[in-house]
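Colleague: I would like to go through the labels on this model with you. For each one, tell me the value and the cut-off behind it.

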Amino acid sequence: MSTLQRSPWREPLVWLIIALPVMSVVAAFALLFFAEDTIDSVADPVKSTAQVQVVDLAPDLEARRVGLAAEVTRTGDRIDVVPLAAGFDRNARLELRLRHPVREADDRSVTLVATAAGWSGDVPSLDATHDWNLELAPPDRRWRLLGRWPAHAAQAALRPSLASAQ
């Protein structure tokens, strides 16, 4: 009996051996292409010394020292900040930064003016379909409160990012 020899290109195993590495390379380039759009910088200025990254925690320590806390509520395009503790300068303007969790280009900032209950400002067409990272601070940035605003929530809590010393 004579057997016919098949060409190696007609063997499925040869195609599998070639296809797996090729698909891995294509997938890696696709991942880099789509990930490039979401790579953003860190919100805080970070200084590198040798292999250590250092960030200034003085605003967080000041907010903790004074005992600041607040609550943010949204009604339509209006955002209200209500203080939950004493220590706020009620005549000062505040800045609320709304940071998109992925895209820096979608970050928003609103200057809040003092009202009878706290501070208020307008943020037109704020997308409520995803979470927002919040930062509340005066213009001189001597203290700051941070929080996370969950998607579709009407309110969020703002606290110092450092826990109280026990």
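This is a predicted model: local features need pLDDT of at least 70, side-chain atom pairs count only at pLDDT 80 or more; totals for chains, interfaces and linings use all residues.

Colleague: How many aromatic pairs does a search of the whole structure find?

Modeller: The search of the whole structure gives 3 aromatic pairs.

Colleague: What makes the pair of W9 and W15 tilted?

Modeller: The ring centres of W9 and W15 are 5.8 Å apart, and the planes stand at 55 degrees. Rings pair if their centres lie within 6.5 Å, so 5.8 Å qualifies. Planes under 30 degrees apart would be stacked and over 60 edge-to-face, so 55 degrees makes this pair tilted.

Colleague: Why does W9 count as exposed?

Modeller: W9 has 53% relative accessibility. Exposed means over 50%, so W9 is exposed.

Colleague: And why is W15 called partly exposed?

Modeller: W15 has 46% relative accessibility.

Colleague: Why is the pair of F88 and W119 called tilted?

Modeller: The centres of F88 and W119 lie 5.4 Å apart, with the planes at 55 degrees. An angle under 30 would be stacked and one over 60 edge-to-face, so the pair is tilted.

Colleague: What distant parts of the chain does this pair link?

Modeller: F88 sits in the loop between β4 (78-83) and β5 (94-99), while W119 belongs to strand β7 (residues 119-122). They are 31 residues apart.

Colleague: Are F88 and W119 buried or exposed?

Modeller: Both F88 and W119 are buried. That label means under 20% relative accessible area.

Colleague: Which residues do ring pairs link into a cluster?

Modeller: The cluster consists of F88, W119 and W143.

Colleague: How do you know that R90 lies over the face of W119?

Modeller: R90 is at 5.0 Å from the ring centre of W119. The limit is 6 Å, with a further condition of 35 degrees from the ring normal. R90 is listed as over the face of W119.

Colleague: On to the sheet. What is the strand order in the open sheet of 8 strands?

Modeller: The order is β9-β8-β5-β6-β7-β4-β3-β10, with antiparallel pairing.

Colleague: What makes β9 and β10 edge strands?

Modeller: Each of β9 and β10 pairs on one side only. From one strand to the next, the twist averages 25 degrees.

Colleague: How do you know that β6 and β7 pair?

Modeller: β6 and β7 share 2 bridges, in the antiparallel sense. Pairing needs at least two bridges. In another, V113 has S120 of β7 as its partner. The two strands form a hairpin through 4 residues.

Colleague: What joins β4 to its neighbours β3 and β7?

Modeller: β3 and β4 are antiparallel over 6 bridges. β4 and β7 also run antiparallel, joined by 4 bridges. I79 figures in both pairings: R74 has I79 as its bridge partner in β4, and I79 stands opposite G121 in β7. The β3-β4 hairpin has 2 residues between its strands, and G76 in the turn has a positive phi of about 65 degrees.

Colleague: What about β5 and β6?

Modeller: They run antiparallel, with 5 bridges. L94 is opposite L112 in β6.

Colleague: Which residues have the most contacts inside the largest nonpolar core?

Modeller: L96, L98, L134, L136 and L145 do, in a core of 23 residues. Elements giving two or more residues to this core include β3 (70-75), β6 (108-114) and β8 (132-137). Among the residues that L145 touches are F88, L134, L136 and L158.

How values were computed
Residues are numbered from 1 along each chain as its sequence is written. Side-chain values use heavy atoms; hydrogens and water are left out. Rings of Phe, Tyr and Trp (its six-membered ring) pair if their centres lie within 6.5 Å; planes under 30 degrees apart count as stacked, over 60 as edge-to-face and the rest as tilted. Buried means under 20% relative accessible area, exposed over 50%, partly exposed in between (1.4 Å probe, protein chains only). A nonpolar core is a set of buried Ala, Val, Leu, Ile, Met, Phe, Trp, Tyr and Cys residues joined through side-chain atoms within 4.5 Å. Contact means heavy atoms within 4.5 Å. Axes are lines fitted to C-alpha atoms, for helices over the stretch in contact, and angles run from 0 to 180 degrees between N-to-C directions. Lists of a residue's contacts leave out its neighbours within four places in sequence.
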